[in-house]
Amino acid sequence: MKIVWEKEIPTSSIKISPRPVWKCRSCPSYGKSPSCPPYVPSWKETKELLKHYQTALLIKFTIKPDKFEEEKREILRYLLTKEQELFKNGNFYAIAFFPGNCNLCEECEFEKSRKCKMPEKVRPSIDAIGIELSTIVNLDFSESVLYGLILID
């Protein structure tokens, strides 16, 4: 995993709609991960939440496809660490959003019992809460990349 760039963006540039949530329904993780629907806030709640933030941090990561799960896990940990740093620097309501489903644990207990081993670390997936990523980045599916997003203030 490598960070390509980090940039602050105005939250006014982030489009929220039901479209990504509906797309989630075709994903194999739908209903199986605590970071995915129906276990996350609705797109309408996200739309309301964004009204209370002006700035977000958008982060682009490159990954090796043959190490996808491990490198994605690193990305999730990085996002949580960055969120904590922002908190310590006075951004008390900073919150990260994951690129896709949570894979913090190598074996997900939630999939078996609906009980997460680390509920304090799980964050919603960007798509799961209605954020249209394609409105803030130029998605190029020939690249092996993932994006993370953190609401700052």
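These notebook entries record what I looked up in the structure above.

**Ground rules.** I am working with a predicted model, in which local features need pLDDT of at least 70 and side-chain atom pairs count only at pLDDT 80 or more, while totals for chains, interfaces and linings use all residues. Residues are numbered from 1 along each chain as its sequence is written, and side-chain values use heavy atoms, with hydrogens and water left out.

**Largest pocket.** The volume is the space filled by probe spheres set on the points, which are joined across faces, edges and corners. I then sorted the lining by element (helices are DSSP runs of H or I with at least four residues, strands are runs of E with at least two, numbered from the N terminus): α1 (19–24), α3 (68–88) and β4 (145–151) each supply at least two residues, and α1 gives the most, with 4. By type, the lining of this pocket divides into 17 nonpolar, 6 polar and 7 charged residues, where Ala, Val, Leu, Ile, Met, Phe, Trp, Tyr, Cys and Pro count as nonpolar, Asp, Glu, Lys and Arg as charged, and the others, Gly among them, as polar.

**Largest cavity.** I searched the whole structure for cavities (sets of points where a 1.4 Å probe fits but cannot get out) and found 1 of 30 Å³ or more. The largest cavity holds about 100 Å³ of space, and its lining includes Pro34, Cys102, Cys105, Cys108 and Cys116. I counted 9 nonpolar, 1 polar and 2 charged residues in that lining.

**Backbone.** I checked the peptide bond that joins Pro37 and Pro38 and found it cis, with omega of about 5°; Pro38 has its place in the loop between α1 and α2 (43–50). Arg114 is partly exposed at 39% relative accessibility, a class that lies between buried (under 20% relative accessible area) and exposed (over 50%), with a 1.4 Å probe and protein chains only.

Note on methods: On a 1 Å grid over the protein atoms alone, a cavity is a set of points where a 1.4 Å probe fits but cannot get out, and a pocket is an open set with protein on both sides within 12 Å along at least five of seven lines; lining residues have an atom within 4 Å of a point.
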